[in-house]
Amino acid sequence: MRVLLAGATGVLGRELLPLLRKAGHHVTALVRGPAQDLDADAVVTGDLLDGPGLVAAVAAARPEVVVHQVTALRPVSGDTRWEVFERTAHVRRVGTANLVDAARAAGARRIVAQSIAFATAPCGDPVLAEDAPLYVEAPDATWALTVQAVAALERTVLDAADLAPIVLRYGSLYGQYTLYDASGAIGQAVHLGRLPLVGDGAGLTSFVTVRDAALATVLAVGHPATGVFNIVDDAPAPAHSWLPGYADLLGAPEPKRIPVDLGERLLGWYGAYQQTRQRGASNAKARRELGWRPTVPTWEDGICQAHAEAVRSQA
Ligand SMILES: NC(=O)c1ccc[n+]([C@@H]2O[C@H](COP(=O)([O-])OP(=O)(O)OC[C@H]3O[C@@H](n4cnc5c(N)ncnc54)[C@H](OP(=O)(O)O)[C@@H]3O)[C@@H](O)[C@H]2O)c1
């Protein structure tokens with residue numbers, strides 16, 4: 001099939017592009033600037049925030065399927081945290097609407113969009129399915145803005161019923177170039193003993209490797225299913241397990257335990273919330289309806305594999 005990949009230069013996009021081509025698709029990468037190192041079948045230039053330019057760029061690719069992997073989370077130097085999240089919220093709202101319009105104008109018949117599995121409100125079961133409410137009224141302004149924009153993105157995509165829409169809610173991505181990579185922001189904080197364990201550490205994080213998220217996306221491109229699917233591993237991990245385990249693997253000091261109020265001051269509201277109250281996400285629907293399963297079933301398996309690979313590559 002002819003696939004247009006928006007966000008081809010991102011963490012997910014770079015993993016996804018060769019997998020789509022290996023699956024036999026003709027892939028056009030949508031990029032904003034020069035990207036000579038991308039091994040795509042074709043490249044078109046466009047920005048999700050420039051509606052008319054985007055319509056022309058997508059039309060040139062003549063895609064049957066449009067894959068949306070655009071976020072603006074990568075900080076530009078000098079950005080405040082608020083600016084990064086505000087920019088991402090803007091691209092999720094306005095950019096997604098533009099991409100849906102451009103896909104439709106180009107005659108595409110399917111759209112596959114990235115979302116997040118950890119935007120649910122902390123109510124009910126510890127591990128939640130796709131029908132759980134989103135935390136649009138989170139008490140923290142940054143998180144409320146993020147979740148509201150995620151909800152808007154999902155609505156915009158799912159309302160495009162003529163495009164057989166599917167939304168993939170990835171768990172917290174780990175692997176090369178992510179925050180949880182040994183050289184990523186969280187990996188570094190753990191390594192330096194600067195990521196304390198907050199409160200009881202009972203908050204759950206549903207992780208997924210970048211590769212497993214990309215494999216699920218390839219599956220979704222060729223599958224008829226529509227709707228929302230959590231793409232997460234099998235074992236949502238409490239902070240009191242993954243954080244000391246990760247520190248141990250990195251040979252880092254054991255994370256200090258601190259109370260929640262101090263955690264909020266040091267790590268910000270989301271950092272403390274993730275470790276104490278965040279719910280996990282279930283992959284049962286993706287297993288049942290897409291036939292997807294993670295090749296790396298638990299965070300422990302994945303982080304040990306990544307560590308072993310890093311040690312091997314240094315040897
Ligand atoms: N999922 C989350 O909510 C979340 C939260 C915190 C951190 N993270 C981390 O963020 C990373 C997520 O990876 P990702 O692949 O989703 O994001 P990413 O690596 O930041 O890639 C984003 C992609 O979107 C493109 N893009 C941004 N703005 C655009 C615009 N206006 N028009 C067209 N393209 C645009 C970028 O292109 P350019 O190359 O032109 O910039 C890039 O290809 C992971 O490392 C994850 O650990 C994720």
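1. Strand β2 (residues 26-31) and β3 run parallel and are joined by four bridges. Strands (E, at least two residues) and helices (H or I, at least four) are DSSP runs, numbered from the N terminus; two strands pair if DSSP finds at least two bridges between them.

2. On provenance: this is a predicted model, in which local features need pLDDT of at least 70 and side-chain atom pairs count only at pLDDT 80 or more, while totals for chains, interfaces and linings use all residues. Residues are numbered from 1 along each chain as its sequence is written, and side-chain values use heavy atoms, with hydrogens and water left out.

3. The open sheet has seven strands in the order β3-β2-β1-β4-β5-β7-β12, with parallel pairing. Its edge strands, β3 (42-45) and β12 (227-231), each pair on one side only.

4. Helix α3 lies across β1 (2-6), β4 (65-68) and β5 (110-116), and runs at about 170 degrees to β4. Angles run from 0 to 180 degrees between N-to-C directions, with axes fitted to C-alpha atoms, for helices over the stretch in contact.

5. The axes of α3 (residues 81-105) and α4 (residues 141-159) come within 9 Å and cross at roughly 10 degrees. The two helices are therefore roughly parallel, a label for angles under 35 degrees. Contact (heavy atoms within 4.5 Å) involves, among others, W82, F85 and R92 of α3 and L145, Q148 and L153 of α4. The contact residues divide into twelve nonpolar, five polar and four charged.

6. The ligand is surrounded by 23 residues, the closest being T9, V11, L12, R32 and D47; the criterion is a heavy atom within 4 Å. A side-chain N or O atom of T9 is 2.5 Å from a ligand oxygen atom. For V11, a backbone N or O atom lies 2.8 Å from an oxygen atom of the ligand. A polar backbone atom of L48 is 2.9 Å from a ligand nitrogen atom.

Definitions and conventions:
Parallel < 35°, antiparallel > 145°, perpendicular 65-115°, else oblique. Nonpolar A, V, L, I, M, F, W, Y, C, P; charged D, E, K, R; others polar. Polar contact = N/O pair within 3.5 Å; in protein donor to acceptor, adjacent residues only side chain to side chain.
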